[in-house]
Amino acid sequence: MQSTCFGFTISPNLTAIYDQEKMAIKLRWQNNDSRTTKFVLQKSDNNYNWTDLYSIETNEFSESKIEKYSDEHPDASTNYYRLKQVIDKDNIEFSQVIMVIMGQATNSWLIYPIPVTQLLNLQYT
């Protein structure tokens, strides 16, 4: 199952929207795997070194439940996000990385997926 943001597919599990009023990046994802026991939202400013922002145990599975987190302290330039998904307490999987580039209110780029496998998507607003 893929998530969409303003009609564009970002990543199978993770989407990001910049809230200009609150100057925060709102992230959300949906648990579409009943084996998942925990989600850890991670952030990076260089796509190499990752910091845990938020974690949540998934005690009961529900495909309709949306998890949310608001990064109220985004970096002024580039922000990378990914989900670390713990499956059956033994296996770890990572979502595709999404990148949010901060700029002037009227100019911003959305680039996905990171890393690129076959197709790079660019959206300029």
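This report walks through a predicted model of a protein, from its overall make-up to a handful of single residues.

## The big picture

Let's start with the whole chain. The protein has twelve strands and zero helices, so reading along the sequence gives you β-β-β-β-β-β-β-β-β-β-β-β. Of its 125 residues, 40% are buried. The protein exposes about 7800 Å², and 47% of that comes from carbon and sulfur atoms.

How far along the sequence do contacts reach? If you take the contacts between residues at least 6 apart in sequence, 49% of them join residues at least 24 apart.

The average pLDDT of the protein is 78, and 79% of the residues score at least 70. Which elements sit at the two ends of the scale? Strand E6 has the highest mean pLDDT, at 92, while strand E2 (residues 8-9) has the lowest, at 34.

Take some care with residues 1-12, where pLDDT stays under 50. The model does give this stretch 32 contacts beyond four places in sequence. Still, where pLDDT is low, the predicted coordinates should not be read in detail.

## Two buried residues

Thr58 sits in the loop between strand E6 (51-57) and strand E7 (66-71). Is Thr58 buried or exposed? Its relative accessibility is 14%, so Thr58 counts as buried. A polar atom of the Thr58 side chain lies 2.6 Å from the backbone oxygen of Thr36. Setting aside neighbours within four places in sequence, Thr58 is in contact with Asn31, Thr36, Thr37, Lys38 and Phe39.

Move on to strand E7 itself and you find Glu67. Glu67 counts as buried because its relative accessible area is 8%, which falls under the 20% cut-off. Apart from neighbours within four places in sequence, Glu67 is in contact with Leu27, Arg28, Trp29 and Ile56.

## Lys84 and its contacts

Lys84 belongs to strand E8 (residues 78-87). With a relative accessible area of 22%, Lys84 is partly exposed. Once you leave out residues up to four places away in sequence, Lys84 touches Lys38, Phe39, Val40, Gln42, Ile92, Glu93 and Phe94.

Check out Lys38 in that list: 46 residues separate Lys84 and Lys38 along the chain, yet their C-alpha atoms are 8.3 Å apart.

## Positive phi in two loops

Here's something to look for in the backbone. Met23, in the loop between strand E3 (14-19) and strand E4 (24-30), has a phi near 50°, a positive value in a residue other than glycine. Met23 is exposed, since its relative accessible area is 55%.

Asn47 also has a positive phi without being glycine, with a value near 65°. You'll find Asn47 in the loop between strand E5 (36-44) and E6. At 22% relative accessibility, Asn47 counts as partly exposed.

Which residues make the nonpolar surface patch? Val116, Leu120 and Leu122 do, and the patch covers about 260 Å².

Val116 lies in the loop between strand E11 (109-114) and strand E12 (121-124). Val116 counts as partly exposed because its relative accessibility is 42%. A patch residue needs over 30% relative accessible area, so Val116 clears that cut-off with its 42%.

Key
Residues are numbered from 1 along each chain as its sequence is written. This is a predicted model: local features need pLDDT of at least 70, side-chain atom pairs count only at pLDDT 80 or more; totals for chains, interfaces and linings use all residues. Side-chain values use heavy atoms; hydrogens and water are left out. Patches are made of residues with over 30% relative accessible area and no salt bridge: like charges are joined within 9 Å, nonpolar side chains (Val, Leu, Ile, Met, Phe, Trp, Tyr) within 5 Å. Accessible areas come from the Shrake-Rupley method with a 1.4 Å probe; for residues, only the protein chains shown count as cover. A salt bridge is a side-chain nitrogen of Lys or Arg within 4 Å of a carboxyl oxygen of Asp or Glu. Helices (H or I, at least four residues) and strands (E, at least two) are DSSP runs, numbered from the N terminus. Buried means under 20% relative accessible area, exposed over 50%, partly exposed in between (1.4 Å probe, protein chains only). A polar contact is a pair of N or O atoms within 3.5 Å; within protein, one must be able to donate a hydrogen and the other to accept it, and residues adjacent in sequence count only if both atoms are side-chain atoms. Contact means heavy atoms within 4.5 Å. pLDDT is the predictor's confidence in each residue, from 0 to 100.
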